[in-house]
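Subject: Structure for your review

Dear colleague,

Please find the structure below, together with its sequence. My notes on it follow, and I would be grateful if you read them with the structure open.

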Amino acid sequence: MRLLVVEDEKKVASFIKQGLEEESYAVDVASDGEEGLGMALDRVHDLIILDILLPKMDGLRILQELRREKVTTPVLLLTVRATIEDKVLGLDAGADDYLTKPFAFEELLARVRALLRRRAEAEPPVLQVADLTLDPARHVVARGGEKVELTPREFALLAYFMRNPGRVLTRTTISEHVWDYNFDTMTNVIDVYVNYLRKKIDAGREPKLIHTVRGVGYVLKGE
Ligand code: CA
């Protein structure tokens with residue numbers, strides 16, 4: 001799980017980052033609104049913690065922009081103002097939850113967990129790309145109705161591809177999501193696993209679903 005924290009107060013940002021990292025989340029921090037919007041538009045995060053008062057662009061505008069661009073990543077708003085009006089404004093703009101500063105880290109963590117859980121539950125029961133299906137709950141993969149046996153790591157990798165159909169995924173993004181960490185030597189490991197997947201999913205079948213984007217990464221798509 002990879003989280004984005006958009007917060008200009010360095011102390012607050014590092015307090016959140018450190019706490020979440022101790023809970024095994026990967027955390028990116030943006031320290032102004034423009035940077036935050038740019039990073040959020042990359043759609044690599046599972047959740048965004050967004051401060052309202054930010055330099056360059058405020059949190060509510062970022063949120064409106066994200067929803068306009070159809071970025072559906074859950075957003076937890078941080079606000080110092082706790083009036084009903086402000087909360088309504090935030091929720092109307094597309095926030096999934098809000099938290100009033102100052103807050104206890106335990107409360108932030110509880111809300112993060114709840115939002116991530118809700119997102120997992122909102123996912124369609126079976127993911128599908130062309131004639132390839134993946135059932136996360138039953139851990140079953142099939143191509144053309146024929147069951148495909150995968151190792152747990154291959155399954156995690158394919159699930160990540162199928163949650164992001166048509167999106168080019170870099171090796172860095174893949175390693176962060178599927179392995180939960182990132183270092184340069186991972187790139188070979190990812191290539192090896194993508195080849196395993198190809199043999200099981202694409203070999204002898206049409207259309208090919210896993211495509212290499214030279215110099216960038218991989219994309220799963222049906223057409
Ligand atoms: Ca702020």
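The model is a predicted one, in which local features need pLDDT of at least 70 and side-chain atom pairs count only at pLDDT 80 or more, while totals for chains, interfaces and linings use all residues. Residues are numbered from 1 along each chain as its sequence is written, and side-chain values rest on heavy atoms, with hydrogens and water left out.

Overall form

The protein contains eight helices and twelve strands. Its radius of gyration is 19 Å, close to the 17 Å that the globule rule gives for 223 residues, so the protein is as compact as a globular protein of that length. Here the radius is taken over C-alpha atoms, and the rule is 2.2 Å times the number of residues to the power 0.38. The C-alpha trace spans about 60 × 35 × 30 Å along the principal axes.

Of the 223 residues, 44% are buried; the term means under 20% relative accessible area, with exposed meaning over 50% and partly exposed in between (1.4 Å probe, protein chains only). The protein exposes about 11,700 Å², of which carbon and sulfur atoms supply 51%. These areas come from the Shrake-Rupley method with a 1.4 Å probe, and for residues only the protein chains shown count as cover. Among contacts (heavy atoms within 4.5 Å) with a separation of 6 or more, 56% are between residues 24 or more positions apart.

The calcium site

Asp8 (OD), Asp51 (OD) and Leu53 (O) are the protein donors of the calcium ion, at 2.1 to 2.3 Å from it. Donors are N, O and S atoms within 2.8 Å of the metal (3.2 Å for Na, K and Ca); water is not among the atoms, so sites may look incomplete. The sequence spacing of the donor residues is D-x42-D-x1-L. Aspartate 51 is buried, at a relative accessible area of 3%.

Backbone features in loops

One runs from lysine 101 to proline 102, with omega near -5°, and proline 102 sits in the loop between strand E5 (97–100) and helix H5 (105–122). Another joins glutamate 206 and proline 207, with omega about -5°; proline 207 is in the loop between helix H8 (186–201) and strand E11 (210–213).

Positive phi values occur at alanine 130, near 50°, and at histidine 139, about 60°; neither residue is a glycine. Alanine 130 belongs to the loop between strand E6 (127–129) and strand E7 (132–135) and is partly exposed, with a relative accessible area of 38%. Histidine 139 lies in the loop between E7 and strand E8 (140–143).

The loop between E7 and E8 also holds proline 136, which is partly exposed at 21% relative accessibility. Beyond four places in sequence, proline 136 touches Glu123, Pro125, Val126, Leu127, Phe155 and Arg163. Its C-alpha atom is 31 Å from that of valine 6, 130 residues away along the chain.

Glutamate 154 is located in helix H6 (residues 152–163) and is buried, with a relative accessible area of 4%. Leaving aside residues up to four places away, glutamate 154 touches Glu149, Tyr193, Tyr196, Leu197 and Lys200.

Tyrosine 193, in helix H8, is partly exposed at 23%. With neighbours within four places set aside, tyrosine 193 is in contact with Arg153, Glu154, Leu157 and Trp179. From tyrosine 193 to leucine 158 the C-alpha distance is 9.8 Å, across 35 residues in sequence.

Helix H7 (residues 171–178) is mostly covered, with six of its eight residues buried: Thr173, Ile174, Ser175, Glu176, His177 and Val178.

With kind regards

Notes: Helices (H or I, at least four residues) and strands (E, at least two) are DSSP runs, numbered from the N terminus.
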